[in-house]
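Please look over the chain below before reading on. The report after it is meant for a reader who wants the cut-offs stated along with the values.

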Amino acid sequence: MNKEDKSMKIRMSFGTVKTVILAVVLVGALAVVGLDIAMLASDSLYKYSSAIPAVSLVAAVVICAFAALILFNSYYKFKDKGLSIMLGFLADGVSYDSIALLRQNIETSELYVIVDDQSLSGEQLAIKVNVARQNVDLFVKGLRKYIPNVTVELFSQPKKKDKDGQE
């Protein structure tokens, strides 16, 4: 396996609504940073204590950092020891030995990794894979390099019944 295969990354996709919310938070926090810098630089904008804009500036910078990390540093990476999952600044991983199977929703193409969790006395966990619909096959292909015979089970969600018991 060459070096490219070992470092294959697939970016997470949060969907349009969540991505827009994160972008709005980032832009809003950047605006607060600009306002706080202007307040600290000018005596006429804020003539009382400089502690309030200073604390606000620090909080806005932290919010900017978190929002930017989540937007731009969230991915899945296939490593030799297991699947590495990075969500902004939070890292986790799943060993390939614990992956039991993959389940894919037929209608939505949502993909779930079913993991045998030893800490839950043999119970299984389902981890939703947040990748764009066009990258689902790429994710499965990347996983098959390390688990060649992983099962991909297709399913459809049961239809919801209305109040009268009709579908």
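## Basis of the values

This is a predicted model, in which local features need pLDDT of at least 70 and side-chain atom pairs count only at pLDDT 80 or more, while totals for chains, interfaces and linings use all residues. Residues are numbered from 1 along each chain as its sequence is written, and side-chain values use heavy atoms, with hydrogens and water left out.

## The chain as a whole

The secondary structure comes to 4 helices and 8 strands, where helices (H or I, at least four residues) and strands (E, at least two) are DSSP runs numbered from the N terminus. From the N terminus on, the order of these elements is α-β-α-α-β-β-β-β-β-β-α-β.

Of the 167 residues, 31% count as buried, a term that stands for under 20% relative accessible area, with exposed meaning over 50% and partly exposed in between (1.4 Å probe, protein chains only). The chain exposes about 11100 Å², of which carbon and sulfur atoms supply 59%; accessible areas come from the Shrake-Rupley method with a 1.4 Å probe, and for residues only the protein chains shown count as cover. Among contacts (heavy atoms within 4.5 Å) between residues at least 6 apart in sequence, 54% join residues at least 24 apart.

## Helix α3

Helix α3 has 22 residues (51-72), and at 1.5 Å a residue it should span 32 Å, which agrees with the 31 Å between its end C-alpha atoms; the expected span is 1.5 Å times one less than the number of residues. The buried residues of α3 are P53, L57, A60, C64, A67 and L71. Seen down the helix axis, these buried residues fall within an arc of 105 degrees, so they line one face of α3, the arc being that of the directions from the axis to the C-beta atoms.

What covers the buried residues of α3 includes β1 (9-11) and α2 (16-41), whereas the face turned away from the buried side carries the exposed residues V55 and V58.

## A nonpolar surface patch

V58, V62, F66, L69, L87, F89 and L90 make a nonpolar surface patch of about 590 Å², to which α3 gives the most, with 4 residues. Patches are made of residues with over 30% relative accessible area and no salt bridge, like charges being joined within 9 Å and nonpolar side chains (Val, Leu, Ile, Met, Phe, Trp, Tyr) within 5 Å; a salt bridge is a side-chain nitrogen of Lys or Arg within 4 Å of a carboxyl oxygen of Asp or Glu. L87 lies in strand β3 (residues 82-87) and is partly exposed, with a relative accessible area of 34%.

## Loop residue N135

N135 is found in the loop between β7 (124-129) and α4 (136-144), and at 23% relative accessibility N135 counts as partly exposed. The C-alpha atoms of N135 and S13 are separated by 9.5 Å, although these residues are 122 residues apart along the chain.
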